[in-house]
Amino acid sequence: MTKIEIVNGPIGFFSNDNSRQQDGAELVFNGHVRATEYGEKITALEYEQYEGMAKTELTKLSEDTVKKFFIHDLFCKHRIGRVDVGETSLHVVIWSKHRKEGLDAMTWFISELKKRVPIWKWAILNDGTRIPSECSHE
Amino acid sequence: MIKVTIKCFSQVKYAFGKDELNLELETGTSTLELENIIREKAKGKLDTVSLRIALNQKYIPIQTELKDGDEVAFIPPVQGG
């Protein structure tokens with residue numbers, strides 16, 4: 001099963017689940033906003049999405065990940081709008097039978113997210129200037 | 001003639017200062033031809049930016065003939081996470 005949310009506002013984390021008797025691994029990834037972008041200090045990032053397509057691509061990617069790695073469930077929340085330095089912009093939880101497929105799935109999911117989900121970052125510099133981020137790691 | 005809407009994001013939005021552009025094009029214009037038009041209109045601001053094309057909210061791998069009412073986005077490298 002997959003669960004996808006794109007939220008404009010602080011992320012409420014998915015709660016851990018002690019009722020899962022077939023899952024030996026529960027992996028949690030939280031992506032945070034760093035204080036610098038390409039060497040310049042920033043106060044925040046502003047995430048922009050292609051509304052509709054971002055949710056569709058993220059849903060497709062989650063389903064692809066579940067099938068490819070034989071994990072049980074993948075839940076993901078991605079923030080849009082202003083996210084201050086230190087705050088969580090991406091929250092992913094994966095449940096799997098063993099840790100290996102869960103870890104591999106997490107790495108692949110986040111790499112693919114950074115290739116195909118139409119979401120972008122604008123850097124808010126200390127002087128208030130707003131510029132498109134040039135940062136696009138795979 | 002056909003009318004298309006171009007959704008602008010990230011560097012494309014920065015180049016034009018707008019969320020979307022509405023253009024009237026010759027019937028038979030392809031997505032590749034539209035990309036050339038957009039790059040020309042950006043006056044060099046998109047020269048170093050690689051763009052993928054989404055047509056009606058789906059990535060398309062090859063050039064396609066545009067139809068009246070199409071929504072096109074030239075997608076700069078994405079940066080989620």
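User: Which residues of H2(A) are buried?

Analyst: This is a predicted model. A residue is taken as buried if 20 or more other C-beta atoms lie within 10 Å of its own. By that criterion, the buried residues of H2(A) are A:Gly102, A:Ala105, A:Met106, A:Phe109, A:Ile110 and A:Leu113.

User: Why can the buried residues of H2(A) be said to line one face of the helix?

Analyst: The directions to be compared are those from the helix axis to the C-beta atoms. Seen down the axis of H2(A), the buried residues line one face because they fall within an arc of 125°.

User: Against which elements of chain A do the buried residues of H2(A) pack?

Analyst: Packing is judged here by contacts, with C-beta atoms within 7 Å. The partners of the buried residues of H2(A) include one helix, H1 (53-69).

User: What distance does H2(A) reach from its first C-alpha to its last?

Analyst: Helix H2 of chain A covers residues 99-116 and has 18 residues. At 1.5 Å a residue, a span of 26 Å is expected. The distance from the first C-alpha of H2(A) to the last is close to that, at 26 Å.

User: In what order do the elements of chain A run from the N terminus on?

Analyst: The secondary structure of chain A comes to two helices and nine strands. From the N terminus on, the order is β-β-β-β-α-β-β-β-α-β-β.

User: What is the radius of gyration of chain A, and what does the globule rule give?

Analyst: Along its principal axes, the C-alpha trace of chain A spans about 50 × 25 × 25 Å. For 138 residues the globule rule gives 14 Å, and the value for chain A is close to this, so the chain is as compact as a globular protein of that length. The radius of gyration of chain A is 16 Å, against 14 Å from the rule.

User: Where is A:Phe70 found, and is the residue buried or exposed?

Analyst: Most residues other than glycine have a negative phi. A:Phe70, although not a glycine, has a positive phi of about 55°. A:Phe70 is found in the loop between H1 and S5 of chain A. With 12 other C-beta atoms within 10 Å, A:Phe70 is exposed.

User: What is the phi of B:Gln57, and in which loop is the residue found?

Analyst: B:Gln57 is partly exposed, with 17 other C-beta atoms within 10 Å. The residue is not a glycine, yet its phi is positive, at about 70°. B:Gln57 is found in the loop between strand S3 (52-55) and strand S4 (58-59) of chain B.

User: Which element gives the most to the side of chain B that touches chain A?

Analyst: The contact takes 15 residues from chain B and 23 residues from chain A. On the side of chain B, the elements that give two or more residues are helix H1 (10-16) and strand S5 (71-75). The residues on that side divide into eight nonpolar, six polar and one charged. The element that gives the most, with three residues, is H1(B).

Terms used. Residues numbered from 1 in each chain as written. Chains lettered and ligands numbered in written order. Predicted model: local features only at pLDDT ≥ 70, side-chain atom pairs only at ≥ 80, totals over all residues. Contact = placed C-beta atoms within 7 Å. Helix = DSSP H or I, 4+ residues; strand = E, 2+ residues; numbered from the N terminus. Nonpolar A, V, L, I, M, F, W, Y, C, P; charged D, E, K, R; others polar. Rg over C-alpha atoms; globule rule 2.2 N^0.38 Å. Expected span 1.5 Å × (residues − 1).
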